[in-house]
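Visitor: I am new to this structure. Please pick a single part, take me through it closely, and then show me its surroundings.

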Amino acid sequence: MSPQDPLDTVSDARVLTETTRPGFESAAAAQPPLRPGLWLLWRSPLHWVSLAMGSGLSPVAPGTVGTLWAWGAWRVLDPWLNTAGWAVVLVAGFFVGWWACTATARALRVADPSCVVWDEVLAFWLILWIVTPAGWALQLAAFVLFRLFDAVKVGPVGWADRLFKAAPGQPPGWAQGFGIVFDDLVAALCTLLVMALWLA
């Protein structure tokens, strides 16, 4: 039998549909957040995306673990994808990731769950796509800078992080799903800017 949280047996399709009903906001606000676990992966393929194949379930530093997963996945996929192929992956990954992050946030009743790491994956792939070809040292520098910007959230990253925050008592929706991805893309742009200035 598939592992499943006993508090949440509703399908993701129903979650995404019923959040548009009048009066849903007050009902959702009264429901407590759910704790992520392996049960979530069995709910929908969208959760495999948002959790980066489960790497986001790490009990320690899930954002860093998710970024490490992205780095490893890049090393596996890069020999098979040219520049245009990566462009397609990144564009498709943005829209599918937006959908997946929204679905997971709604399933957990949390606007920005720490277990959702597709935002780190997509942003770090963008960095690697732009800096390639780059040696291990430059990739490591990009990793450290990106994690620093994403964790500290200073300047533009902090602004992007606050821009789509849900109001108190408001259930997560498409805007919050977009916000999950958006602030990491801003962190990626800040990383690329610092690296460009450093290498100039």
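Guide: Start with how helices are named: a helix here is a DSSP run (H or I) of at least four residues, numbered from the N terminus. Keep in mind that this is a predicted model. The protein has 10 helices and 0 strands. Its pattern along the sequence is α-α-α-α-α-α-α-α-α-α.

The part to look at is the largest cavity. A search of the whole structure finds 1 cavity of 30 Å³ or more. The volume of the largest cavity is about 80 Å³. Which residues line the largest cavity? Ala111 and Asp112 are in the lining.

Helix 9 spans 156-163 and helix 10 spans 174-199; each supplies at least two residues of the lining. Which helix gives the most to the lining of the largest cavity? Helix 10 does, with 4 residues. Sorted by class, the lining has 5 nonpolar, 2 polar and 4 charged residues.

The unreviewed UniProt entry places the feature "transmembrane region" at residues 83-101, 122-146 and 178-199. Take residues 178-199 in the model. They are 100% helix and 0% strand. Their end C-alpha atoms are 32 Å apart. Compare residues 122-146. This span is 84% helix and 0% strand. Its end C-alpha atoms lie 12 Å apart.

Helix 7 (118-131), helix 8 (136-152) and helix 10 each supply at least two residues of its lining. By class, that lining has 5 nonpolar, 2 polar and 9 charged residues.

Follow helix 7 next. Leucine 128 sits in it. Is leucine 128 buried or exposed? Buried is the answer, because its relative accessibility is 0% and the cut-off is under 20%. Beyond its neighbours within four places in sequence, leucine 128 contacts Trp71, Trp74 and Gln139. Glutamine 139 is 11 residues from leucine 128 along the chain, and their C-alpha atoms are separated by 7.2 Å.

Helix 6 (residues 83-108) holds leucine 90. Leucine 90 is buried too, with a relative accessible area of 10%. Its contacts, leaving aside neighbours within four places in sequence, are Leu122, Trp125, Leu126 and Trp129. The C-alpha atom of alanine 123 is 8.9 Å from that of leucine 90. The two residues stand 33 residues apart along the chain.

Now step back to the whole protein. Of its 200 residues, 48% count as buried. Take contacts between residues at least 6 apart in sequence: 79% of them join residues at least 24 apart. The accessible surface comes to about 10,200 Å². Carbon and sulfur atoms account for 71% of that surface.

Conventions. Residues are numbered from 1 along each chain as its sequence is written. This is a predicted model: local features need pLDDT of at least 70, side-chain atom pairs count only at pLDDT 80 or more; totals for chains, interfaces and linings use all residues. Side-chain values use heavy atoms; hydrogens and water are left out. On a 1 Å grid over the protein atoms alone, a cavity is a set of points where a 1.4 Å probe fits but cannot get out, and a pocket is an open set with protein on both sides within 12 Å along at least five of seven lines; lining residues have an atom within 4 Å of a point. Grid points are joined across faces, edges and corners, and a volume is the space filled by probe spheres set on the points. Ala, Val, Leu, Ile, Met, Phe, Trp, Tyr, Cys and Pro count as nonpolar, Asp, Glu, Lys and Arg as charged, and the others, Gly among them, as polar. UniProt positions are given in the numbering used here, feature names are shortened, and annotations may be inferred rather than shown by experiment. Buried means under 20% relative accessible area, exposed over 50%, partly exposed in between (1.4 Å probe, protein chains only). Contact means heavy atoms within 4.5 Å. Accessible areas come from the Shrake-Rupley method with a 1.4 Å probe; for residues, only the protein chains shown count as cover.
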